[in-house]
Amino acid sequence: MTVASANGSSGHHNPLNVIVATDCGSTTTKAILIEKIGNEYRQTYRGEAPTTVEAPFEDVTRGVLNAIAEIEELSGRKILDGETIITPNRASEGDAKTGVDIYISTSSAGGGLQMMVTGVVQNMTGESAQRAALGAGAIVIDVLASNDGRLPHEKIDRIRSMRPDMILMSGGTDGGAMTHVIEMADYVAAAEPRPRFGVTYKLPLIFAGNKDAQPQVKKILGEKTALVVTDNIRPVLEKENLGPARNKIHDLFLEHVMQQAPGYKKLIDMAGAPIMPTPAAVGVIMETIAKRNRLNLIGVDIGGATTDVFSVFGGIFNRTVSANLGMSYSISNVLAEAGLPNIMRWVPFTIDEQTLRNRIKNKMIRPTTIPQTLDELQIEHAIAREALRLALLHHTSLATGLKGVQQERTISDVFEQQTSGKTLIDMLTLNLIVGSGGILSHAPRRIQSMLMMVDAYEPVGSTMLAVDSIFMMPHLGVLSTINEQAATDVFVRDCMVYLGTCIAPRGRGAQGEACIEYDLTFPDGRTISDRMTFGELRLYPLASGDRATIALRPAKHYDVGSGAGVPLSQSVEGGVAGLLIDCRGRPLQLPEEQNARVAALKKWYHAVDLYPGS
């Protein structure tokens, strides 16, 4: 087999003109072909096939080869020689239609990477460890801490019964007390944890706690686990150092966990770069885009079983996964967590409670069905709003500054009463929301995706919204570690579908009260001057790539980004949906009375032509 050099960002020296990438998901393996056309990279063909990790195949590469074979068929390019990927491309030999320059892949097959983390204090080192594991693309199945309220035997029992793929231990600052760190190591040792896959190998365990405790931890766990020691994730209380632990998680994922999954040894040999867990790759591309364009962004991937939320604010990346919120397998959990009234408030007609419950349960037991009537579609969109809202609430509670930090205060700070651990999510400084997942990417009208995200996230000021066209963010995340230009070219041109900009003043008032006046100047020089009252929603067509200028004059208790009542003039970008001006108030509140609520929803839906006949 010819394999391109398996190196990271700096080590790949071959010119990359043709790239094939796959994402091995739990059910489907998706392959895309990226080609350099002129001076830019474009995604040209895609193929997919069922993932083949489970019996009867038990070899992930079967699905990969099938997905690539579909690309071969569509593109007319010869990529496979039997079970071998032909690398590099034979263009220099005069045969441009044979071979690719590199093959790369991500994987979340087999349930992804499941981790358990431990800390000493739950909301300090416990949370830091959780952020490290989530950022590395793991699902955190439990957080154990000395002060989590569980008795020792309960902790031991939990470690034994959960069977994680890996454990990350943290706790203690460097040079601080060691008693509780050692105590946690004793609990792990007493549990004699066994990994989920592979009966013969030892469970990978990363220790990233107090460095003075390392010798004792080695003594306690060195024999019982595949122990790796790395830098402390909280060397001092004021600093979080997640990088080394995240790198170790990726290394161990490749060296241990993936080696046990069926066919992955072959897949690692085939790939020209390290295989990444799917969510980690999505996080990498989000972080790359945010850094490159100096943006604050929120990304969401709403799936059938789980919802991932990513954010980058002020250069700080965070990821959370809500393992119980999704649109098919977990749809009943959305109902349980949000409550029926919260779902019903988005449904623009009257429906009795039992019928709605039955429809939701039907979706859970038949997860692959799609809505057949407008009513069903509107119910699904109502549930999606709540799933998105709850997942962001979860994310907001974990994407925080460090807790437990002593803050230096001056006399002027005394009145602010700021506490440590404040959330980093600030909707007024948010620039971009990126949505992904079937319900958002495949909504019949793009404005439906836009309004679902606006209703769930309630952006304030001016915010751009986009959706991922065919979920190729994982592929681009791993590609960005090898060739950032290729990844960002494809991300901007083929992956993102820009929906448009939402302008929403912060503040609340009475229905019909003056909210904002504005002058909107389109690229062709046409200007519209108008005003809106509280409770109104308006949509202007503004094509993708076009920019308009809007001069906003908010009423005295509304803030459009520069302070209450302060005018603001800015340039806004269009998209497939257009420019949305949302004067429904922040926080968004719907009328409580049933008929008034349905009337309000119908008015808004009609204003933006959300559904046929609306």
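The questions and answers below walk through selected features of this predicted model.

Q: Which helix gives the largest share of the lining of the second largest pocket?
A: The second largest pocket has a volume of about 450 Å³, and its lining is made up of 22 residues. Two or more of these residues come from each of helix H6 (243–260), strand S12 (276–277) and helix H8 (278–293). The largest share of that lining is 6 residues, and the helix that gives them is H6.

Q: Which residues lie nearest the centre of the second largest pocket?
A: The lining of the second largest pocket divides by class into 11 nonpolar, 8 polar and 3 charged residues. From the 22 residues of the lining, those that lie nearest the centre are Asn247, His250, Met276, Val284 and Thr481.

Q: How many charged residues are in the contact of H3 with H4?
A: H3 passes H4 in a right-handed crossing. On the side of H3 the contact is made by Pro152, Lys155, Ile156, Ile159 and Arg160, while H4 brings Tyr187, Val188, Ala190 and Ala191. Sorted by class, this contact has 7 nonpolar residues and no polar ones, and the number of charged residues is 2.

Q: How many nonpolar residues has the contact of H9 with H12?
A: From H9 the residues that take part are Ile331, Val334, Glu337 and Ala338, and they meet Ile383, Glu386, Ala387 and Leu390 in H12. By class, this contact has no polar residues and 2 charged ones, and the number of nonpolar residues is 6.

Q: In which handedness, left-handed or right-handed, does H12 pass H14?
A: The axes of H12 and helix H14 (residues 446–457) come within 8 Å and cross at roughly 40°, which makes H12 oblique to H14. Where they meet, H12 contributes residues including Leu377, His381 and Ala384, and H14 contributes residues including Gln448, Leu451 and Met452. The contact of H12 with H14 divides into 9 nonpolar, 2 polar and 3 charged residues. The crossing in which H12 passes H14 is right-handed.

Q: Where is Pro56 found?
A: Most peptide bonds are trans. The bond from Ala55 to Pro56, however, is cis, with omega near 10°. The place where Pro56 is found is the loop between strand S3 (40–50) and helix H1 (60–75).

Q: What is the phi of Glu58?
A: The place of Glu58 is in the loop between S3 and H1. Most residues other than glycine have a negative phi. Glu58 is not a glycine, and yet its phi is positive, at about 50°.

Q: What is the omega of the peptide bond that joins Thr87 and Pro88?
A: Pro88 is found in the loop between strand S5 (84–85) and strand S6 (102–107). The bond that joins Thr87 and Pro88 is a cis peptide bond, and its omega is about -10°.

Q: What separates the C-alpha atoms of Gln570 and Ile141?
A: Gln570 is found in strand S23 (residues 568–573). Leaving aside neighbours within four places in sequence, the residues in contact with Gln570 include Ser462, Ile503 and Ala548. Gln570 and Ile141 are 429 residues apart along the chain, and their C-alpha atoms are separated by 45 Å.

Key: Residues are numbered from 1 along each chain as its sequence is written. This is a predicted model: local features need pLDDT of at least 70, side-chain atom pairs count only at pLDDT 80 or more; totals for chains, interfaces and linings use all residues. Side-chain values use heavy atoms; hydrogens and water are left out. On a 1 Å grid over the protein atoms alone, a cavity is a set of points where a 1.4 Å probe fits but cannot get out, and a pocket is an open set with protein on both sides within 12 Å along at least five of seven lines; lining residues have an atom within 4 Å of a point. Grid points are joined across faces, edges and corners, and a volume is the space filled by probe spheres set on the points. Helices (H or I, at least four residues) and strands (E, at least two) are DSSP runs, numbered from the N terminus. Ala, Val, Leu, Ile, Met, Phe, Trp, Tyr, Cys and Pro count as nonpolar, Asp, Glu, Lys and Arg as charged, and the others, Gly among them, as polar. A crossing is left-handed if the near helix is turned anticlockwise from the far one by less than a right angle, and right-handed if clockwise. Contact means heavy atoms within 4.5 Å. Axes are lines fitted to C-alpha atoms, for helices over the stretch in contact, and angles run from 0 to 180 degrees between N-to-C directions. Angles under 35 degrees count as roughly parallel, over 145 as roughly antiparallel, 65 to 115 as roughly perpendicular and the rest as oblique.
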